[in-house]
Amino acid sequence: MTTWMTTLLLTCTPIYQMLNLIRRKVAYTATAVFSVILRQDIDDVITKAKQVGVAAVLAVTESVSDFSRVLDLAERYPDFVLPCLGLHPVQPDEHSADPKAQRSVSLKDLEEAEAIIEQHHEKLAAIGEIGLDFTPRVCKTSEDRDVQKEVFARQVKMAQRFDLPVNVHSRSAGIHAINLLKELGASKVLLHAFDGKAASAQVGVDAGFFFSVPASICRSPQKEKLVAKVPISHLMLETDSPALSPTKMERNVPSNIAISWEYVAKIKKLTVPTVKEMTTENAIRLFPKISKFVHR
């Protein structure tokens, strides 16, 4: 039985994310981020996902405050949600009067996260979302960079110890993330919404890493170059909704995944069914625990 798969990231306040929705028919990977607007209707979101053929979810986190929500969600939907835990390089700034303020991750954040990940690692399908974010508004000093690298490296090592893949954020830090992953000997890696140069991506491909493609490729020459450079054997698909919409400033939705596979098919000169099948195979290779949902 073949399957559709989409990678979804759902965020609320504080942010948490839902990764890897699996659909029946042919599989693909898509990333969708849902804003606080959907916080109160997560059950409805999941119900509607099932109604369109979604078979399962891998749910990932950004902050420690998200961990219990994802674990609880997995308990509420044991035949639908597989949890992932990880500490994102960008954290909410709890000391700011602005509820939307953000800061770079700290070692103190990691100490709390590590204990919880250790406790629940047997339940997890991956460690994520982890990585580096060198955007100047967040990463303001060389010390911030060094701390991000240490937090990232320690989580990668945890994933290696537990034999789990990692879902990696690398905004404005693509080659830095890839080089650090290589130094650590990481092999089970998805670089989500990679915004680096195609030449940098090739370094990741040579290391065996995967890259996921959002629907905003339709307005992103950078993403087109990325897809042209990365072999289909190392690509997955995503939407990152409501961000990275195919139309700027409009709310993105998971169904826009069709734009991702159409653009990949066009650039790679492949049929859409071939793109769906191959990106599905890639997703199963990287996230083997989803196979029980894909092949049931």
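**A walk through the predicted chain**

Glu112 has a relative accessibility of 49% and therefore counts as partly exposed; buried means a relative accessible area under 20%, exposed means over 50%, and partly exposed is what lies in between, with a 1.4 Å probe and protein chains only. The structure is a predicted model, in which local features need pLDDT of at least 70 and side-chain atom pairs count only at pLDDT 80 or more, while totals for chains, interfaces and linings use all residues. Residues are numbered from 1 along each chain as its sequence is written, and side-chain values use heavy atoms, with hydrogens and water left out.

Glu112 belongs to helix α3. Helices (H or I, at least four residues) and strands (E, at least two) are DSSP runs, numbered from the N terminus. Asp109 has a relative accessible area of 14% and is therefore buried. Apart from residues up to four places away in sequence, Asp109 touches Val64, Leu87, Gln91 and Arg103, where contact means heavy atoms within 4.5 Å.

The view may now be widened to the whole chain. The protein chain contains 10 helices and 11 strands. It has 296 residues, of which 56% are buried. Among contacts between residues at least 6 apart in sequence, 67% join residues at least 24 apart. The accessible surface amounts to about 12,600 Å², and 53% of this belongs to carbon and sulfur atoms; such areas come from the Shrake-Rupley method with a 1.4 Å probe, and for residues only the protein chains shown count as cover.

Some details of the backbone also deserve attention. Most residues other than glycine have a negative phi, and most peptide bonds are trans. The peptide bond from Gly128 to Glu129, however, is cis, with omega near 10°. Glu129 is part of strand β7, residues 127-131. Ala193 has a positive phi, near 50°, and sits in the loop between β9 (189-191) and α6 (198-206). With a relative accessible area of 17%, Ala193 is buried. Met249 likewise is not a glycine and has a positive phi, of about 75°. Its place is the loop between β11 (235-237) and α8. At 80% relative accessibility, Met249 is exposed.

Helix α8 contributes Trp261, Glu262, Val264 and Ala265 to the contact, and α9 contributes Val272, Val275 and Lys276.

Finally, His234 lies in the loop between α7 (221-229) and β11. With 14% relative accessibility, His234 is buried. Not counting residues up to four places away in sequence, His234 touches Val205, Gly208, Phe209, Phe210, Phe211 and Asn282.
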